Amino acid sequence: MHFCMTGQYTPKSLNSIMENPKTNRYEAAKNLIEAAGGKLISMYSTAAEGPGVLVIFDVPDPSAAPAISGTVVASGAIHNVSLIRLWTQDEIAKVRQTASQLRGKYSPPGN
């Protein structure tokens with residue numbers, strides 16, 4: 001299952017990065033995700049809401065995703081974290097098929 005995690009670096013992390021600008025955050029993310037049984041798909045730096053990061057990763061067990069984000073947050077590296085489940089086109093095709101089958105099985109309030 002694919003997930004997208006975004007967050008902003010904490011002031012402590014930013015100071016550490018400025019002290020060692022060649023630090024490899026990609027390898028740190030890759031090692032954590034692989035330790036959880038997943039695979040790092042891509043990683044980007046962001047600047048829209050402060051220096052931050054966007055990481056897309058794949059994990060076979062969906063409970064690994066919040067464990068990964070919780071581990072990073074607990075370390076003090078990032079804050080204002082968002083974790084979003086991403087759906088492949090094959091997965092969303094199955095969702096659409098199920099939704100089509102469920103159509104008409106639910107009655108909204110007032111009906």
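This is a predicted model: local features need pLDDT of at least 70, side-chain atom pairs count only at pLDDT 80 or more; totals for chains, interfaces and linings use all residues.
**Overall form**

Taken along the principal axes, the C-alpha atoms of the protein chain fill a box of roughly 60 × 30 × 20 Å. The chain contains 4 helices and 4 strands, and their order along the sequence is β-α-α-β-β-α-β-α. Of its 111 residues, 23% count as buried. Contacts between residues at least 6 apart in sequence were also examined, and 63% of them join residues at least 24 apart.

**Surface and charge**

The accessible surface of the protein chain amounts to about 7,600 Å², and carbon and sulfur atoms account for 56% of this area. The chain carries 10 positive and 8 negative side chains; the centres of these two sets lie 6 Å apart.

**The nonpolar core**

The largest nonpolar core comprises 16 residues, and those with the most contacts inside it are Ile33, Val55, Phe57, Val59 and Ile78. Two or more residues of this core come from each of strand S1 (2–9), helix H2 (25–35), strand S3 (52–58) and helix H3 (64–74). Helix H3 gives the most to the core, with 4 residues.

Val59, one of the core residues with the most contacts, touches Met1, Phe3, Gly38, Ala64, Ala65 and Ile68 when residues up to four places away in sequence are not counted.

**Two individual residues**

Ser69 lies in helix H3. Its relative accessibility is 10%, and because buried means under 20%, Ser69 counts as buried. Leaving aside neighbours within four places in sequence, Ser69 is in contact with Met5, Val81 and Leu83.

Pro108 is placed in the segment after helix H4 (89–102). Pro108 counts as partly exposed because its relative accessibility is 36%, a value in the range between under 20% for buried and over 50% for exposed. From C-alpha to C-alpha, Pro108 and Ser82 are 30 Å apart in space, with a separation of 26 residues in sequence.

The relative accessibilities of these residues are set out below.

| Residue | Relative accessibility | Class |
|---|---|---|
| Ser69 | 10% | buried |
| Pro108 | 36% | partly exposed |

Note on methods: Residues are numbered from 1 along each chain as its sequence is written. Side-chain values use heavy atoms; hydrogens and water are left out. Buried means under 20% relative accessible area, exposed over 50%, partly exposed in between (1.4 Å probe, protein chains only). Contact means heavy atoms within 4.5 Å. Accessible areas come from the Shrake-Rupley method with a 1.4 Å probe; for residues, only the protein chains shown count as cover. Lys and Arg count as positive and Asp and Glu as negative; His and the chain ends are not counted. The place of a charge is taken as NZ of Lys, CZ of Arg, CG of Asp or CD of Glu. A nonpolar core is a set of buried Ala, Val, Leu, Ile, Met, Phe, Trp, Tyr and Cys residues joined through side-chain atoms within 4.5 Å.
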